[in-house]
Amino acid sequence: MEARRRDLRIPFPEDFENRLTGRRVQRLWRRAKYIMADLDGGETLVIHLGMSGRIAVYTKGNGRGLGAFHYETAGGEIGRGKHDHVVFDTDAPARIVFTDHRRFGLMTIVETAVLESHKLFKDLGAEPLSRQFDAEYLKGALRNKKTPIKSALLDQHVIAGMGNIYVCEALWRSRISPKRQAARVKAVQIDVLAPAIKQVLREAVRAGGSSLRDHRQTNGELGYFQKVFAAYDREGQPCMRRGCHGRIKRIVQSGRSTFYCPTCQVY
DNA sequence: AGGTCAACCTGAGCGC
DNA sequence: TGCGCTCAGGTTGACC
């Protein structure tokens with residue numbers, strides 16, 4: 001592997017390449033917005049894509065079954081772009097490229113046994129798609145939170161893995177105003193919100209994510225969830241809820257865009 | 001202690 | 001064509 005640029009959010013240590021070269025990935029998994037690759041030898045490669053990061057898999061020669069685009073046909077030399085920061089060549093054979101023009105992403109190596117207590121992970125909230133996450137969990141997590149519900153759901157310590165798009169969509173589906181103070185969202189609304197969160201995420205994953213600008217799946221294909229946005233990025237357009245004649249409004253909360261329908265998101 | 005906001009960095013898109 | 005401005009899928013740390 002090769003680290004072509006080492007100053008991502010957490011600068012790479014001197015021995016970064018040495019610790020990764022020749023290692024075998026034993027398990028690939030996810031926690032919050034972090035991608036985890038457990039390696040033989042008891043270490044885990046932790047990856048975050050930030051806002052603009054991308055991982056693409058290019059098959060080489062007879063690479064099979066990866067659903068990836070071909071190394072030879074992708075045009076130009078793969079992994080030599082201005083923002084191609086880390087390049088892995090695997091036995092597959094395949095080339096895996098981490099690209100991030102904004103460098104908000106990160107890669108770091110953590111001892112697998114102490115992952116849970118690492119500062120990046122120790123205070124994370126529940127996984128929204130886990131059984132642990134339900135309305136009761138959410139009620140507890142929002143109790144005493146004075147921040148608006150929109151900001152609370154983006155807080156990774158409350159619930160791990162929700163981004164701006166999916167928070168907006170889940171609130172729209174639940175008819176909850178993004179401006180409502182988190183602790184003041186009624187219990188019956190949280191009973192609606194918790195399953196709506198799971199539903200939005202499941203649908204988005206199935207659609208391959210949301211390609212607003214440059215999001216790509218690892219095989220280079222676009223995500224399609226943006227085609228079914230009801231609120232996000234629809235400022236000024238009619239609300240899609242049956243019987244609602246409102247228009248989607250854009251406001252800024254905690255420095256982030258919120259899209260919602262002021263006519264029907266009233267709880 | 002909890003909440004808010006600027007900063008990190010680059011590129012795209014827009015109006016002029 | 002180019003300049004200047006605004007905005008972007010996220011997180012952190014400094015400050016109130």
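Arg95 and Asp89 form a salt bridge in this predicted model. Their closest N and O atoms are 2.8 Å apart. Side chains of opposite charge can pair when their charged atoms come close. Here a salt bridge needs a nitrogen and a carboxyl oxygen within 4 Å, so 2.8 Å qualifies. How exposed are the two partners? Arg95 counts as buried, at 10% relative accessibility. Asp89 is partly exposed, at 42%.

Now move to Arg5. Its side chain meets that of Asp7 in a salt bridge, at 2.7 Å from N to O. Arg5 is partly exposed, with 33% relative accessibility. Asp7 is partly exposed too, with a relative accessible area of 35%.

Next comes Arg23. Which residue does Arg23 form a salt bridge with? The partner is Asp40, and the closest N and O atoms lie 3.2 Å apart. Look at where the two sit. Arg23 is in the loop between helix H1 (16–20) and strand S2 (25–31). Asp40 is in the loop between strand S3 (34–39) and strand S4 (43–48). The pair therefore ties together parts that are 17 residues apart in sequence. Arg23 is partly exposed, at 25% relative accessibility. Asp40 is also partly exposed, with a relative accessible area of 24%.

This pair does not stand alone. Arg23 and Asp40 belong to a network of salt bridges that also links Asp15, Arg19 and Glu43. Find these five residues in the structure and trace the network.

Finally, the whole count. How many salt bridges does the structure hold? There are 16. Among them are Arg95 with Asp89, Arg5 with Asp7, and Arg23 with Asp40.

Methods:
Residues numbered from 1 in each chain as written. Chains lettered and ligands numbered in written order. Predicted model: local features only at pLDDT ≥ 70, side-chain atom pairs only at ≥ 80, totals over all residues. Heavy atoms only, no water. Buried < 20%, exposed > 50% of the residue type's maximum accessible area, 1.4 Å probe, protein only. Helix = DSSP H or I, 4+ residues; strand = E, 2+ residues; numbered from the N terminus.
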